[in-house]
Amino acid sequence: MLHLLPRSFGLAYGLTYLFGPLLYFYIRSDKNKIYYSGKHLVPFGLFVLSFLLLNYFLGIRSILLNNVGAIAQNLQLIFYIILIYRQVRGTKTGTVKRWKTQLLIAYSGYVVSFATYYLMVLAGVLKVEYDYTISLAAACFIYFVGYRGFSNPEILNEYDHERYRNSSISAAAAKSVLKKLKNYFDQEKPYRNSKLRLGEVAAALGLSSHQISQVLNEHGAITFSEFVNKYRYEEAKLLLVKEPQTRIMDIGFDCGFNNKTSFNNVFKKYGGMSPSEFRKTQSPLSTHI
């Protein structure tokens with residue numbers, strides 16, 4: 001049946017060369033700077049060139065070349081386990097390190113699944129059911145990486161604390177910045193915007209992003225993302241009591257949460273229970289938060 005597929009379909013096999021580099025870029029990035037280095041994409045570029053040359057210009061198809069390609073893919077995947085591990089080992093912030101470790105474990109699981117597939121092929125023991133099992137395992141690991149990144153975007157803000165370790169700001173100046181920031185959030189409620197960014201708040205207050213992050217990290221022991229989520233959490237608690245007929249997720253959206261996972265995670269972090277559990281403990285007439 002494979003001969004019925006267009007030859008260009010074979011390019012999909014080369015996407016494996018992108019998994020390691022893209023995850024490595026992601027782990028090395030933070031909210032202020034996206035890491036990128038073109039040299040990491042060279043293997044994928046070489047694959048595309050060789051694929052076009054062999055399949056379209058020379059018309060060569062060889063089992064030996066396919067095996068060489070599979071070995072190269074596995075070696076490249078393993079190489080990025082090592083690179084990512086070095087990044088994890090060099091991370092000092094506990095929350096970020098745990099998050100990176102989870103991604104490394106998921107990626108390593110994918111690599112093991114991928115390598116197992118080819119080892120079984122070379123050993124001649126591959127059966128159809130093994131093929132689907134390994135593909136399912138690989139897909140689970142890949143989707144886990146994506147899920148963790150999507151559901152915890154605020155984790156990258158933890159890097160701020162390390163950045164300001166050797167800097168200082170006077171207690172009086174910090175107090176002034178904190179007061180200005182809290183007044184703005186109390187009165188204007190910018191946290192209701194699910195896409196709120198530090199730069200937007202800084203511009204509205206006539207401050208720099210650096211000043212706000214530094215004050216929150218050093219004098220509030222909190223990141224900007226945590227500061228925002230705490231406000232969202234407090235308002236969500238109020239609305240869950242005052243508006244018992246409103247859908248829980250609608251309240252989450254109104255308070256600035258952009259998905260159910262982040263809403264539940266923040267609520268459990270600060271309240272020790274989910275939004276639905278909290279609502280069950282409250283009476284519609286209660287004003288206690």
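Helices and strands here are DSSP runs, at least four residues long for a helix and at least two for a strand, numbered from the N terminus. With that in hand, the pattern of this protein along its sequence reads α-α-α-α-α-α-α-α-α-α-α-α-α. In numbers, that is 13 helices and 0 strands. Please keep in mind that you are looking at a predicted model. Let's walk through it, starting with the whole chain and then moving to single helices and residues.

**The whole protein**

- The protein has 289 residues, and 38% of them count as buried.
- Its accessible surface comes to about 17,100 Å², and carbon and sulfur atoms account for 62% of that area.
- Now look at contacts between residues at least 6 apart in sequence: 71% of them join residues at least 24 apart.

**Where H10 meets H12**

- Helix H10 covers residues 224-242 and helix H12 covers residues 260-271. Their axes are 10 Å apart, and the two helices pack at an angle of about 90 degrees.

**Where H7 meets H9**

- Helix H7 (171-188) crosses helix H9 (residues 209-219) at roughly 110 degrees, and their axes come within 10 Å.
- That angle makes H7 roughly perpendicular to H9.
- From H7, the contact uses Ala 171, Ala 174, Val 177, Leu 178 and Leu 181. From H9, Ile 212, Val 215, Leu 216 and His 219 take part.
- By class, the contact of H7 with H9 has 8 nonpolar residues, 1 polar residue and no charged ones.

**Salt bridges**

- How many salt bridges does the count come to? With a side-chain nitrogen of Lys or Arg required within 4 Å of a carboxyl oxygen of Asp or Glu, the count is 4. Here are some of them.
- Arg 192 and Glu 235 meet through their side chains, with an N to O distance of 2.7 Å. Arg 192 sits in the loop between H7 and H8, while Glu 235 belongs to helix H10, so this pair ties together parts that are 43 residues apart in sequence.
- Are these two partners buried or exposed? Arg 192 is partly exposed, with a relative accessible area of 41%, whereas Glu 235 counts as buried at 11%.
- Lys 269 pairs with Glu 226, and their closest N and O atoms are 3.2 Å apart. Lys 269 is in helix H12 and Glu 226 is in helix H10, so the pair links distant parts of the chain, 43 residues apart.- Lys 269 is exposed, with a relative accessible area of 51%, while Glu 226 is buried at 18%.
- Glu 234 and Lys 237 form a salt bridge too, with their closest N and O atoms 3.7 Å apart. These residues are 3 apart in helix H10, which means about one helical turn separates them.
- Glu 234 is partly exposed, with a relative accessible area of 32%, but Lys 237 counts as buried at 8%.

**A backbone angle to notice**

- Most residues other than glycine have a negative phi.
- Lys 189 is not a glycine, yet its phi is positive, at about 50 degrees.
- Where is Lys 189? You will find it in the loop between helix H7 (171-188) and helix H8 (198-205).
- Lys 189 counts as partly exposed, with 28% relative accessibility.

**A pair of serines**

- Ser 135 lies in helix H5, which covers residues 128-151.
- At 40% relative accessibility, Ser 135 counts as partly exposed, because that class lies between the limits of under 20% for buried and over 50% for exposed.
- Ser 113 is 22 residues from Ser 135 along the chain, and their C-alpha atoms are separated by 7.6 Å.

Definitions and conventions: Residues numbered from 1 in each chain as written. Predicted model: local features only at pLDDT ≥ 70, side-chain atom pairs only at ≥ 80, totals over all residues. Heavy atoms only, no water. Axes fitted to C-alpha atoms, helices over the stretch in contact; angles between N-to-C directions. Buried < 20%, exposed > 50% of the residue type's maximum accessible area, 1.4 Å probe, protein only. Contact = heavy atoms within 4.5 Å. Areas by Shrake-Rupley, 256 points an atom, 1.4 Å probe, with all protein chains shown as cover. Parallel < 35°, antiparallel > 145°, perpendicular 65-115°, else oblique. Nonpolar A, V, L, I, M, F, W, Y, C, P; charged D, E, K, R; others polar.
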